[in-house]
Amino acid sequence: MDNALFSEFNPVTAKAFKQKIQYDLAGADYNETLLWSSPEGIHIKPFYHREDLNSLSIPGHPTSWSIAEEIYIKKPETAALKVLELLSKGVEAFQFKADHKFNIDQLLENLPQQNLNLYFIFSFLDVSFFTALSEKTQDKGFTCFLNIDIIGNLAANGNWFSDLKQDRYQLKELLLNAKNDKVVGIDSSVYHNAGATIVQELAYILAQTNEYFNHYGDLLQSQRFTFRVAIGSNYFFEIAKIRALRLLYATLASEYGLPETCHIIAKPALRNKVLYDYNTNMLRTTTECMSAVLGGADSICNLAYDAIYHKTNDFGQRIARNQLLLLKHESYFDLVSNPADGTYYIENLTQQFAEQALSLFKDIEAGGGFVTQLIEGKIQKKIKTSAAKEQEAFDKGEKLLVGTNTYQNPDDRMKHDLDLYPFLKMNPRKTLIEPVITKRLAEEVEQKRLKDE
């Protein structure tokens, strides 16, 4: 661009902008009228200027992102055939969920011989199985993300896999023997879906990471941590959240002399999804996936619009997949790397999130660390407090979910369309600690509407 075009225009300072706004307010107070703060204490101004820009260096921002899809492994041969089918439909990476050990060879031998990112989510801990899986996937030329998170399991389920000592020992053995640089994967979606603020979510990720850094130290020299994050519908905040996560992780890792780049898998949140007027979920997940792309997620796994009440089905998955395909191939979201870099507003948000999360992280460390505060119930209490405030705002109509607590369609009927129970399930069992319980905002409203049908 020819800068000479602008040579006759004098630069306008932030002070001049503010004075003009104050004049146009015709006597109204600038601070009371135009400034506001989010629930997590992020201060928002009506305009941002280059004077606000404190250019941040975000380590590890990817140059591209992958379209991922989740597959549950019941029969490994069936899962492999599903991979082949989805590859022909545009999927580029796969997130496998498994509750039990499976025949590794039956899965891998039926996969195509090409470089694929394979993400695994396990509800069990077995060193010998994970070691064999790591070796065999790498022998086949695949990239294997094990996503082992013993602390996350405690937070989500209330129990260790075995106990603290045994879980730590097994993870140590895995780090020593798996010959895989992607063993640890922290799932922060449980905090988001339980009602934590973005600042809390970031601080808990950092504190959880620090527990691993403290305990395993040099064993992590070759490791690249993976983070699974839930993305909500606050568009710019979620872009800044992912950027702040990379910045915070790099800051902490540098203190330990560990690799400063991480890998981020994003998925739309469950917290704001609804049962009635369910097609609005498609609109929410579209903007959420956009936030994930612009924020710098490495891989994005979309959530089907009907996931909370329908079993996995071809139509719902196809729509979810096509949302990502449209973003990548028709909307050109794959052609620009790090588009948020240098944007005054997002850079400012990123810095505020990073600073406030770092402050909360320091408080957690001063209180004994993340595991100690989790066992004492302090983490759960803080999340409950944040969730209660958000729920109150929703109940009062201050936080809106279109089609649910505003602009309802009174003709909607859902009682006979439920394949899955869409509400919080209370399953009494003995746990070491109170788990972090995920719950959607709209549940009480929806239960009342179902009862009245």
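Reader: At what angle do helix α10 and helix α11 pack?
Author: In this predicted model, local features need pLDDT of at least 70 and side-chain atom pairs count only at pLDDT 80 or more, while totals for chains, interfaces and linings use all residues. Residues are numbered from 1 along each chain as its sequence is written, and side-chain values use heavy atoms, with hydrogens and water left out. Helix α10 spans residues 235-256 and helix α11 spans residues 280-295 (helices, H or I, have at least four residues and strands, E, at least two, as DSSP runs numbered from the N terminus). Their axes (lines fitted to C-alpha atoms over the stretch in contact, with angles from 0 to 180 degrees between N-to-C directions) lie 8 Å apart, and the packing angle is about 35°.

Reader: How many charged residues belong to the contact of α10 with α11?
Author: Contact here means heavy atoms within 4.5 Å. From α10 come Tyr235, Glu238, Ile239, Ile242 and Arg243, and these meet Thr287, Met290, Ser291, Ala292, Leu294 and Gly295 of α11. By class (Ala, Val, Leu, Ile, Met, Phe, Trp, Tyr, Cys and Pro are nonpolar, Asp, Glu, Lys and Arg charged, and the others, Gly among them, polar), the contact of α10 with α11 has six nonpolar and three polar residues, and the charged residues number two.

Reader: What space lies in the largest cavity?
Author: A cavity is a set of points on a 1 Å grid over the protein atoms alone where a 1.4 Å probe fits but cannot get out, and lining residues have an atom within 4 Å of a point. The structure has two cavities of 30 Å³ or more. The largest cavity is lined by 15 residues, with Pro62, Trp65, Val293, Phe333 and Val336 nearest its centre. Its lining has eight nonpolar, six polar and one charged residues, and the space in this largest cavity is about 90 Å³.

Reader: Which helix gives the most to the lining of the second largest cavity?
Author: The second largest cavity has a volume of about 60 Å³, and its lining includes Ile150, Trp160, Arg168, Glu211 and His215. By class, this lining has seven nonpolar, one polar and two charged residues. Helices α6 (150-157), α7 (164-177) and α9 (198-216) each supply at least two residues of it. With four residues, the helix that gives the most is α9.

Reader: Which helix gives the most to the lining of the second largest pocket?
Author: A pocket is an open set of grid points with protein on both sides within 12 Å along at least five of seven lines. About 730 Å³ of space lies in the second largest pocket, and 26 residues line it, of which Pro39, Glu40, Thr197, Glu390 and Lys399 lie nearest the centre. By class, the lining of this pocket has seven nonpolar, eleven polar and eight charged residues. Helices α9, α10 and α15 (378-395) each supply at least two lining residues, and the one that gives the most, with six residues, is α15.

Reader: How far apart are the closest N and O atoms of the salt bridge of Arg228 with Asp187?
Author: The structure holds 25 salt bridges (a side-chain nitrogen of Lys or Arg within 4 Å of a carboxyl oxygen of Asp or Glu). Between Arg228 and Asp187, the closest N and O atoms are 3.1 Å apart. The pair links distant parts of the chain, Arg228 being in strand β8 (residues 226-231) and Asp187 in strand β7 (residues 185-187), 41 residues apart.

Key
Grid points are joined across faces, edges and corners, and a volume is the space filled by probe spheres set on the points.
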